[in-house]
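Colleague: I'd like to learn how to read a structure like this one. Could you walk me through it?

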Amino acid sequence: MMTAIQGFLGPWWPLVWTLVKILVIVLPLMGAVAYLTLAERKIIGYMQVRIGPNRVGIKGILQPLADAGKLLFKEIIIPAKSNKYLFLLAPVLSIAPALAAWAVVPFSPELVLANVDASLLFVMAITSMGVYGVIVAGWASNSKYAFLGAMRSAAQIVSYELAMGFALVGVLMAAQSLNLVEIVQGQEGGLFNWYFLPLFPLFVVYVVAGVAETNRAPFDVAEGESEIVAGFHVEYSGMAFAVFFLAEYANMILIAMLAALMFLGGWYSPVSFLPDGFIWLAAKVSFVLLLFLWFRATFPRYRYDQIMRLGWKVFIPLTLVWLVVVGAMMQTPYGYLFH
Amino acid sequence: MNFETIVFYIFSAILLLSALRVVTARSPIHAALALVLAFFTAASIWLLLEAEFLAITLVLVYVGAVTVLFLFVVMTLDIDVAKMREGFWRHLPLALAAGAVMATEMILVLRTRTDTVAPRNLDTHYSNTKELGRLLYVDYVYPFEIAAVLLLVAIIAAIALTMRRRKDTKYIDPADQVKVRRQDRIRLVSMPAETARMKDEGERMTNEEERG
């Protein structure tokens, strides 16, 4: 049947086939985003001895659909004296990088949309574009709360990107490759070959910087309900707001996915007697996502100057020192521990 | 015309238009955003050249960090567009002369380079990143490191020249704050417990208040 369709489409076949593959990645991702919001409300609910949403469907299982329906039917209000084009462009600038980065994410050794040679760099470059959505939203809204949120968020994202980048340098030193598939393949052979053990400080920095990059609690000063109402998206309503929401959760899943691929051995099973497979990757991603939710339920919001201090004065020196340690250890007979 | 050529012309058109917007846009914010688009399309054209490392680094450094800081500064400035545009016609001859000199230089440079070679078609396993790394860290390691040190010196000098700290500014140091322990702030004072007489007095007073 495939060949019949291929013959029918002729020169358009590669384009159509790529679009199909993109849909196969994006649609389950959107589903995962929807149910991550439900998981968040349920898990935080249980952590705070509440029940969480339980009215729509059995035990609240249809709650994300109800939320989506509600947001779709709400009016998008464009503030007077706002910059209309930039105001509507900002959600797009926010979601586009969050989705584009998934192009190079491998789900198994063969299952990857684009097995690019420098895929790790590609992910970093694309995710660094996400900050424009926040800045443009804050500026175009013509509101001081939105603007303050955008300024906070921009400074925070740029600061933590450095620490995150240095943490990734450690990974590519250990794997000696920029390709995500090769990075995972470098961790073959059980729990003790995963990079989170030799690169433990970098793993911690990566996860915490990931929380800060996605503007999640306890680093959510960009939203800061009690100070600047909701930060950069205070003027957004309906679907325009929902797109920001989707981008935030897609970014969370992306960070968790990258942590699983680079530090937790990707699709490899932790013990030799169980087979490898996508199920392990899914389990690891879910674990890192659970950490995100757990942090939110546990820690109070960081003060802004302490966020800056943590990024610049703790994380960046820590990663630099550990990079020197990894580099030096590789020259010794114990270098095999870091490969 | 094959697919790559079409893509090249589309990207080039976007690049030229956005570059034009950088210099013609009224609002500095729009100019900075047009600059972002120009960087991004330039990176796309480099990707067509199979220079993926340079393309990704261009996006990572210039789009992801440098222009964000540009925007950050430009957005917080109070810019009077009308004031910026005044004197446009007065300065135009000088600007035109400078532009003409630059254009001539560029034309001369482009015309003298006759030894352009078409990019070779490399096999799929060729790693642009690895080759660049070899050039920078093996063949030209000393010039590269010297350039890096020079840049570092320039950064430190720029910061040292512009940094002024007022003596009377009150600022907080989070490093000191996080070191604070309980005993630094709390002093437990032992006091005798309230006696029964005081309690009676209190009751009598409330009773009087109720009666009054």
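Colleague: Let's start with one residue. Is Gln187(A) buried or exposed?

Modeller: Keep in mind that we're looking at a predicted model. To sort residues, you look at relative accessible area, and under 20% is called buried. Gln187(A) comes out at 0% relative accessibility, so it counts as buried.

Colleague: Where does Gln187(A) sit in chain A?

Modeller: Look in the loop between helix H8 (180-185) and helix H9 (200-213) of chain A.

Colleague: And which residues does Gln187(A) touch?

Modeller: Leave aside residues up to four places away in sequence, and its contacts include Asn193(A), Trp194(A) and Tyr195(A). Also among them are Leu261(A), Met262(A), Phe263(A), Leu264(A), Gly265(A) and Tyr268(A).

Colleague: What does the side chain of Gln187(A) reach at 3.0 Å?

Modeller: For polar contacts, you check pairs of N or O atoms within 3.5 Å. Here the side chain of Gln187(A) gets to the backbone nitrogen of Gly265(A) at 3.0 Å. A polar atom of that side chain also lies 3.3 Å from the backbone oxygen of Ile183(A).

Colleague: Now chain B. How many helices and strands are there in chain B?

Modeller: Chain B has 10 helices and zero strands. Of its 212 residues, 17% are buried. Its accessible surface is about 18100 Å², with 65% of that belonging to carbon and sulfur atoms.

Colleague: What can I read from contacts in chain B?

Modeller: Check how far apart the partners are in sequence. Take the contacts between residues at least 6 apart: 55% of them join residues at least 24 apart.

Colleague: Last one: which element of chain B has the lowest mean pLDDT?

Modeller: pLDDT is the predictor's confidence in each residue. Among the elements of chain B, helix H10 (residues 196-211) has the lowest mean, 58, while helix H7 (residues 141-162) has the highest, 92. Across chain B the mean is 82, and 85% of its residues reach 70 or more. For the complex, the predictor gives an ipTM of 0.81 and a pTM of 0.83.

Key
Residues are numbered from 1 along each chain as its sequence is written. Chains are lettered from A and ligands numbered from 1 in the order in which they are written. This is a predicted model: local features need pLDDT of at least 70, side-chain atom pairs count only at pLDDT 80 or more; totals for chains, interfaces and linings use all residues. Side-chain values use heavy atoms; hydrogens and water are left out. Helices (H or I, at least four residues) and strands (E, at least two) are DSSP runs, numbered from the N terminus. Buried means under 20% relative accessible area, exposed over 50%, partly exposed in between (1.4 Å probe, protein chains only). A polar contact is a pair of N or O atoms within 3.5 Å; within protein, one must be able to donate a hydrogen and the other to accept it, and residues adjacent in sequence count only if both atoms are side-chain atoms. Contact means heavy atoms within 4.5 Å. pLDDT is the predictor's confidence in each residue, from 0 to 100. Accessible areas come from the Shrake-Rupley method with a 1.4 Å probe; for residues, only the protein chains shown count as cover.
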